[in-house]
Amino acid sequence: MLDKAGNIIKKDRVPSTQDENEFLKKIDQIVDSFENLKGIAFCAPGQVLNNIIHFGGSLTFLDGMNFPARYEKLNIPIAVINDGKASVLDESWLGNLKGIDNCASLTLGTGIGGGCIINGRLISGTHAQASELSFMRFDPSPTAHEIAGFTYSAVQMIRDVNTVAGNPDIKDGVAAFKVIQSGNKEAIQRFNKFCAGVATIIFDMQTVIDLQKYTIGGGISAQSIVIDTINQAYDQVYKNNSLISQTLTKPEICATKFRNDANLYGALYNLLLQENNEQI
């Protein structure tokens with residue numbers, strides 16, 4: 001729960017599930033646990049048009065979900081936004097992108113979420129598909145199925161590192177980074193490949209939209225080595241190609257201010273904008 005100024009009053013988390021009924025039951029329980037709600041702000045993967053979720057990204061069962069209609073009886077404002085776009089709204093409102101007209105935020109997790117602000121406006125695109133970075137392709141072959149969200153998944157990188165190290169819990173991010181920082185060559189190789197992939201995504205975005213600053217979010221962004229290595233990979237492109245270094249200016253790349261909470265603040269800001277009939 002947050003107030004209108006963006007202060008967290010109460011914070012909790014519940015495990016997600018791929019079972020639609022169980023998922024919605026958990027949402028209902030959270031909503032029912034509060035009294036005197038003034039509004040509900042949702043963020044979710046997938047396309048969001050007029051507060052209706054389409055496809056749902058990693059939560060495909062949310063395709064067609066209309067949360068405002070589901071909770072219409074509460075008679076309070078309800079707003080829904082894509083999770084990547086929520087992240088850049090947060091950073092622009094209260095975070096490390098505040099006051100910057102041309103910027104983006106990337107969220108590294110199961111896939112790669114993203115949101116862009118250009119000339120002070122959040123970019124949604126014709127089909128609300130702008131900044132769906134997980135679907136970027138680097139292999140031009142028409143039969144290639146690899147996309148950025150799979151190839152450069154932070155979750156998968158953590159699993160790979162823990163598998164190499166023989167750690168019993170392959171989902172343990174803290175354990176994975178201990179392995180990386182211990183100097184394990186195979187772990188470092190996988191980590192560096194992941195960071196180089198993220199740097200490539202930023203570089204390719206930069207050649208098209210020329211932004212001033214990018215923030216990196218998601219749980220792993222709390223590890224300073226992530227931001228450092230992404231910057232190093234980006235710098236290496238410039239060192240290896242004089243034409244690039246003479247032509248293109250590197251943007252600033254840093255961590256998000258609110259880390260894993262960025263989506264919470266961004267969803268709230270989207271609700272406030274909707275209430276006031278404003279846009280960014």
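Guide: Let us begin with a definition: the expected span of a helix is 1.5 Å times one less than its number of residues. The model before you is a predicted one. In it, helix α7 (residues 185-209) has 25 residues, and from its first C-alpha to its last it reaches 36 Å, close to the expected 36 Å.

Visitor: What caps the N-terminal end of α7?

Guide: Asn184 does, with a side-chain oxygen that lies 3.1 Å from the backbone nitrogen of Glu186. A polar contact requires N or O atoms within 3.5 Å, and therefore this pair qualifies. Just after the helix, Asp210 takes a positive phi of about 50°.

Visitor: Which residues of α7 are buried?

Guide: Among them are Phe191, Phe194, Cys195, Val198, Ile201, Ile202 and Met205. An α-helix has 3.6 residues a turn, so residues three or four places apart point the same way.

Visitor: Why is Asn162 called buried?

Guide: The word applies under 20% relative accessible area. Asn162 has 0% relative accessibility, and therefore counts as buried. Asn162 belongs to helix α5 (residues 154-165).

Visitor: What does the side chain of Asn162 reach?

Guide: The side chain of Asn162 reaches the backbone oxygen of Ile170, at 3.0 Å. Leaving aside neighbours within four places in sequence, the contacts of Asn162 include Asn167, Asp169, Lys171 and Ala175.

Visitor: Why is the pair of Phe138 and Tyr152 called edge-to-face?

Guide: Two values decide the matter. Ring centres must lie within 6.5 Å for a pair, and planes over 60 degrees apart count as edge-to-face. The centres of Phe138 and Tyr152 are 5.9 Å apart and their planes stand at 70°, so the pair is edge-to-face. Phe138 lies in the loop between β7 and α4 (148-151), and Tyr152 in the loop between α4 and α5, 14 residues apart.

Visitor: How do you know whether Phe138 and Tyr152 are buried or partly exposed?

Guide: Buried means under 20% relative accessible area, and exposed means over 50%, with partly exposed in between. Phe138 has 36%, and is therefore partly exposed. Tyr152 has 14%, and is therefore buried.

Visitor: How many aromatic pairs does the structure hold?

Guide: The structure holds 10 aromatic pairs. One of them is formed by Phe42 and Tyr71, which are stacked, at 6.3 Å centre to centre with 10° between the planes. The label stacked is given to planes under 30 degrees apart. This pair links distant parts of the chain: Phe42 is in strand β1 (residues 40-44), Tyr71 in the loop between α2 (67-70) and β4 (78-82). Both Phe42 and Tyr71 are buried. Together with Phe67, they form one aromatic cluster.

Visitor: What makes the pairing in the open sheet mixed?

Guide: The open sheet has 5 strands in the order β7-β6-β5-β8-β9. Strand β5 (residues 103-108) pairs with β8 (residues 213-217) in the parallel sense over 5 bridges, whereas β5 and β6 run antiparallel, joined by 6 bridges. Two strands pair if at least two bridges are found between them, and therefore both cases qualify. A hairpin of 3 residues joins β5 to β6.

Visitor: Which residues stand opposite one another in these strands?

Guide: Thr107 stands opposite Gly217 in β8, and Leu106 stands opposite Ile216 in β8. In β6, Cys116 is the bridge partner of Ala104.

Visitor: What makes β5 mostly covered?

Guide: Of the 6 residues of β5, 5 are buried.

Notes: Residues are numbered from 1 along each chain as its sequence is written. This is a predicted model: local features need pLDDT of at least 70, side-chain atom pairs count only at pLDDT 80 or more; totals for chains, interfaces and linings use all residues. Side-chain values use heavy atoms; hydrogens and water are left out. Helices (H or I, at least four residues) and strands (E, at least two) are DSSP runs, numbered from the N terminus. Buried means under 20% relative accessible area, exposed over 50%, partly exposed in between (1.4 Å probe, protein chains only). A polar contact is a pair of N or O atoms within 3.5 Å; within protein, one must be able to donate a hydrogen and the other to accept it, and residues adjacent in sequence count only if both atoms are side-chain atoms. Contact means heavy atoms within 4.5 Å. Rings of Phe, Tyr and Trp (its six-membered ring) pair if their centres lie within 6.5 Å; planes under 30 degrees apart count as stacked, over 60 as edge-to-face and the rest as tilted.
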